Amino acid sequence: MQKRNKLSICISILRWLISVYFGAVGLWRLQRFLPLTESLPTAASCRQAILQGEERINQLPQVKLRKGYWDKVGFMYDPPADRPQKYQYILENTSGINNVFSSPQFISKISQDIMDNCSNVGMVGFSDSRFVADINYGFFAQSAVKKVCRPDPLSFVSIHITYPFGVRNWSYDGCN
């Protein structure tokens with residue numbers, strides 16, 4: 001009888017740990033859909049740069065901006081410490097969307113303008129409504145704005161386990 005009691009206690013603890021784990025993961029995933037309230041750029045020049053970016057996108061033939069929103073830069077990208085925010089443009093899946101994604105000059109110009117005017121923005125993203133096509137530009141040293149590659153999960157794990165205290169800001173640049 002005592003073995004059964006110990007087993008039921010262990011099972012109860014295991015169930016509790018699993019529910020805490022999945023609850024924490026669920027809350028972490030849910031934060032992506034909650035509006036950001038911490039330190040959003042309020043400078044008039046920042047708002048103006050974002051509106052100008054929206055206007056440039058909407059002026060393109062057969063391209064429609066679905067929405068733009070603030071987000072935090074994903075933890076796997078490891079942004080510069082003073083630039084944790086991201087502005088994300090979501091474009092409708094129209095016939096002209098490929099023209100946007102195949103024009104790095106157009107995307108980098110909008111990104112550069114936003115990052116020049118918004119002091120805490122470290123990344124500007126452009127994607128279709130399903131996030132199948134997703135391009136991000138990040139703020140690098142010497143005020144350079146470059147395309148940021150998607151991080152490889154395996155290299156991310158090895159870098160963060162091996163070098164947990166180093167400055168790694170944007171180690172994923174130069175993608176095609």
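## Basis

The model is predicted: local features need pLDDT of at least 70, side-chain atom pairs count only at pLDDT 80 or more, and totals for chains, interfaces and linings use all residues. Residues are numbered from 1 along each chain as its sequence is written, and side-chain values use heavy atoms, with hydrogens and water left out.

## Confidence

pLDDT is the predictor's confidence in each residue, from 0 to 100. The chain has an average pLDDT of 76, and 69% of the residues score at least 70. Helices (H or I, at least four residues) and strands (E, at least two) are DSSP runs, numbered from the N terminus. Confidence is highest in α2, at 92, and lowest in helix α5 (residues 153-162), at a mean of 48.

For residues 156-173 the pLDDT stays under 50. Where pLDDT is low, the predicted coordinates should not be read in detail.

## Helix α4

Helix α4 (residues 104-117) has 14 residues. From first C-alpha to last it reaches 20 Å, close to the 20 Å expected at 1.5 Å a residue (1.5 Å times one less than the number of residues).

Its buried residues (under 20% relative accessible area, 1.4 Å probe, protein chains only) include F106, I110 and M115. The buried residues of α4 pack against elements including α2 (44-59), β2 (85-91) and β3 (121-128).

## Aromatic rings

The whole structure holds three aromatic pairs (ring centres within 6.5 Å; planes under 30 degrees apart are stacked, over 60 edge-to-face, the rest tilted). W70 and Y87 pair edge-to-face, 4.9 Å centre to centre with 75° between the planes. W70 lies in strand β1 (residues 65-72) and Y87 in strand β2, 17 residues apart.

Y87 and Y89 also form an edge-to-face pair, at 5.1 Å and 75°. Both Y87 and Y89 are buried. Ring pairs join W70, Y87, Y89 and F126 into a cluster.

Note on methods: Buried < 20%, exposed > 50% of the residue type's maximum accessible area, 1.4 Å probe, protein only. Contact = heavy atoms within 4.5 Å. Phe/Tyr/Trp six-rings, centres within 6.5 Å; stacked < 30°, edge-to-face > 60°.
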